[in-house]
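This report reviews selected local features of one protein model.

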Amino acid sequence: MRKIHKTIWIHLISILIILLFSTLIQGQNVKSDCTQEELGANWMALVSRLGNYEKANSSELNLLATDLEAFRDCTKQLESWFNYGQTSVLIPPIHLAYGNTNAALASMDSLAANIEDKGLDKVDYDYLYSTMKFNYGRIYYEKGWYDLALGEFLKAEDIQMGYATKGQPPGVVAYDSLNNNISYTASNLFNNIALIYLRYGDFEKSREYFEISVRLAQTNSQFNASAEDRARTYQNLARVYTELGQFKKADYNFSKVLALIGNKRQGFEQRTLSLAYKNLAEYYRKTGKQDSSYYYIKKAMQLKTVPEFQVFNHHVYSNILMEDNDVNQAESELEKAAQIALENLGEFHPELARTYMYLGDLFRQQKKVKQAKSNYEKAMAVLSGEDVSGQFEPNNLTHKRLAIEILENQAELFELVDEPNLALEQYDKAIEVYKILRLYNLKSEGGKYMQAGRFKRIYEKAIVLAVKAGKKEQAYAYCRQGKSAVLLQQVQEEIAIKSSALPKQYLNKLQTIKSNINKWNKEWEDAIQSQNPDLAKAKKEAVESANLEYGHLVNEIEKKYPEYAKLKFELPEISLNEIQSLLKYNNSAIAEYFVGDYVVFGFNITPDNIEVVQVKNDTGFKRNVEMYLQSVSRFSTSQDAYEKHVKSAHFLYEKLLENACKNEFSNFNKLIIIPDEILNQIPFESLVMELPEKSPEAKPIYHALDYLVKTFDVSYQYAADLLVPVSNTEKEEYKNEFLGVAPSFEKRNISPLEHNMKEVSKINSIYENNVLVANEATHDSCMRLIPGHRIVHLATHAMFNDENPLDSRIELADTSLFIYEILALGQQPELVIMSACETAVGEQKKGEGVISLTRAFLQAGCPNVVASLWKVSDQKTGIIMRDFHKFLKEENQSVETALSSAKRKYISEAISDRTHPFYWAGFVKVGSLDVPDSSVLAWYWWGLGVVLLLAIVFISFRKK
């Protein structure tokens, strides 16, 4: 083993000396002799010239590449295969240094064709293979083939992770988990991966990789990266933080860049300086500092740099000029960018496409439709590698996020000239590309949430056009697609894990790593809050390493078990007809909402119809929502509070539901609400359908109000697709029916609940099953017993943390049950009741809904959750919950019916002052519909067909 370790370090030191520390001198050319004796001398002659090759001019680089190729051919002739590979991987970076990607690619292809099956030992081969993959990635990145580049980089990372997890010393790109050393090349690898995620718009993943790159470059004292390398990564981090809108962090990283640049001894390359100044110019433009933006872009453009960076500079300068309405000069800058890109980057490079898009935007703003259309078409042709016909295969687009932007801008052009059908076609294409981007390219949860929020505007524009055109079903399809897509993907991933027959070793490892990531994320946030920088740094590094390990494991599973990958990525699409069939079976209707910037769209769905309502999302609507939320969640006996409550509750009913309740919904007794954004906080069951007559005594009469719950059994869901459980597994059998949990808090500094143990004991008298009360309700006992019970009732405190969602918890007798632990549970209950405070509220994510404890259970696979919207009354909760379980168990009612029945019973029996919605409206049911067995549904439709046939025969007979 020591010999293997020594071999690795010899290779590592040799290559790094060559790439990092030698200085370029003009020596003699490599001798032509091809004998074993000459290899050493020729090699040392090359070593002396390789060090800072990036600062050499084109003729020097050409000569260096030629001599390297001569030496490589010599090693091939002598069949010195490791030396052949070792030399070959040095040639592509030389070609890339002066922009010759084709020569670099040809060199790599030659190496790949000659190095296979040459009897190299594993360590030598891994070193060469990982470096080859890194080089391929660099070449593909320079060509703008980002998906291919990432694939190659990740293969290099796989080699690294293989050595890291075995605790062996690093190869040229291998991370050493024992002493936290990493080679410069590995740091560079992470930096390049981060750049691709930046292109995808996964800023969270990009930030993660950039920060790893910075940390690993700095922690290795023997092979520390240069100030220039650090400056590149710091400015990339600043770019990410600019995109995230975290301008203080961006400013901090830019200050580090300027500090490094300010040290004249560093001797930075002009292209590094140019990129830094360009990024600073863009940063100041986005933060409204126009003078600083001009200053830095001028500095960038004065420097000699590579063609791609020249294109960047012209783009930024044109954007600055457009903001100052200097249209002619902006157009001139873009024309220069297009010429440079075509001549140097090639006709299919994404930066050429971006240039055409900017030209299209410029012409669109001037209402020059023909020129705008032409440039948008050329932009899409560049990304697709096709002609300008507009036809393309989304999977083959070289820059999907840029393609979405182009298609959106093209749609706006068609709207400008009143061509709604053509505009919708472009939005459809943009949505198709976005689905692929979200599913395959966005890896971090934060990245998915951010892009869901950003791309919601596309769905909104498409809905507006479809509604105007009278295309109600198409508008509703956009509504569904634009909401909760991340949640649906998360649910599907859980199904893929459970349904693809993965070996237990993989299931356990996935669960362990995910649990650790969530746990360490929480501890990282805690350390930041407690101002413990050393602990925060340690936890952050632990999260980064675990994320790398998890990604490596998932990639391995996807390759070995294609069924898992198929289930994970092929999300089931439930048609409107299927949803309507289920509504007919359940005698239900749906009111689904899409909250846009200017309009709130409501879609009223019944088994046979779909109608659309539109409400202006103006100040008056927002004010009434806020008034209603305040009045419903706070108990008051004042007449003024009563009148405000009635007014706002009826206003929202009138705007959102009145027409449907009097027409489409009049024949149904179950109503499913699928809210959006601020509407997620509203308990619709307490909306007032008819205004009461004014009482002569001017006294609040809450119990007499015509609440929606008196007419409908109301339930909720995040997305219509989740109304049907999207599971491929057979229905799980449960060992027990009921588990009640009611902890005491004698051992903890938490205020006691006076009635929770009585609540659970009374409920359990209905089931006569299992309870965990007082000090028995511990963390370990809950983790052990929750799986295996069909119904779990948690009567305890709960807390959602907006700033740190992973810190959200359910309190138990000895400690807390956190969100990340809920996600790691195995078998999920069929129904979870959280008889606790604020378990259905949380952080609002645009396009996704509320990130809450409720969502955590749904994501983990629990189909139905009863949870609270505010801090509920302990005593009154017990009354409602006891009746809820009675209706559920003794009368065999569905969950939504049982909960609504319990609320109606409470309103009719409680004393008047305690019928305020604060006491009963806070608990809501979120979940799926009852899904019939396929054979039952078949008989249902067969019977309906027979009835219709008989009716036709009867009518025909009567006519005769």
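## Surface charge

The model is predicted. Asp428 is partly exposed, its relative accessible area being 33%. This residue belongs to helix H20, which spans residues 420-441.

Side chains of opposite charge can pair when their charged atoms come close. Across the whole structure, a search finds 42 salt bridges. One of these joins the side chains of Asp147 and Lys400, with an N to O distance of 2.5 Å. The two partners are 253 residues apart, and the pair links distant parts of the chain: Asp147 is in helix H8 (residues 146-166), while Lys400 is in helix H19 (residues 400-416). Asp147 has a relative accessibility of 30% and counts as partly exposed. Lys400, at 6% relative accessibility, counts as buried because the limit for that class is under 20%.

Arg364 and Glu412 form another salt bridge, in which the closest N and O atoms are 3.2 Å apart. Here the linked parts are helix H17 (residues 350-365), which holds Arg364, and helix H19, which holds Glu412; the two residues are 48 residues apart. Arg364 is buried at 17% relative accessibility, whereas Glu412 is partly exposed, with a relative accessible area of 24%.

Lys670 and Glu896 are both buried. Elsewhere, salt bridges with shared partners connect Asp361, Arg364, Glu408, Glu412, Arg457 and Lys461 in one network.

## Buried elements and cysteines

How many residues of helix H4 are buried? Seven of the eight residues in this helix (residues 81-88) are buried, so helix H4 is largely enclosed by the rest of the structure. The buried residues are Trp81, Phe82, Tyr84, Gly85, Gln86, Thr87 and Ser88.

Cys479 has a relative accessibility of 0% and counts as buried. Cys782 is likewise buried, with a relative accessible area of 1%. With a disulfide taken as a pair of cysteine sulfur atoms within 2.5 Å, the count comes to zero disulfides.

## Contacts across sequence separation

Ile404 is found in helix H19. The relative accessible area of Ile404 is 0%, and the residue is buried. Ile404 and Tyr434 are 30 residues apart along the chain, and their C-alpha atoms are separated by 6.8 Å.

Asn518 is part of helix H24, which covers residues 504-529. Asn518 counts as buried at 15% relative accessibility, because buried means under 20% relative accessible area. Between Asn518 and Ala546 there are 28 residues of separation in sequence and 9.9 Å of separation in space, C-alpha to C-alpha.

## Positive phi values in loops

Which phi value does Ser484 adopt? Phi of Ser484 is near 55°, a positive value in a residue other than glycine. Ser484 is placed in the loop between helix H22 (472-481) and helix H23 (485-499). The relative accessibility of Ser484 is 2%, and the residue counts as buried.

Asn587 is also a residue other than glycine with a positive phi, in this case near 50°. Asn587 sits in the loop between helix H27 (576-586) and strand E1 (588-595). Is Asn587 buried or partly exposed? At 29% relative accessibility, Asn587 counts as partly exposed, since this class lies between the limits of under 20% for buried and over 50% for exposed.

Notes
Residues are numbered from 1 along each chain as its sequence is written. This is a predicted model: local features need pLDDT of at least 70, side-chain atom pairs count only at pLDDT 80 or more; totals for chains, interfaces and linings use all residues. Side-chain values use heavy atoms; hydrogens and water are left out. Buried means under 20% relative accessible area, exposed over 50%, partly exposed in between (1.4 Å probe, protein chains only). Helices (H or I, at least four residues) and strands (E, at least two) are DSSP runs, numbered from the N terminus. A salt bridge is a side-chain nitrogen of Lys or Arg within 4 Å of a carboxyl oxygen of Asp or Glu.
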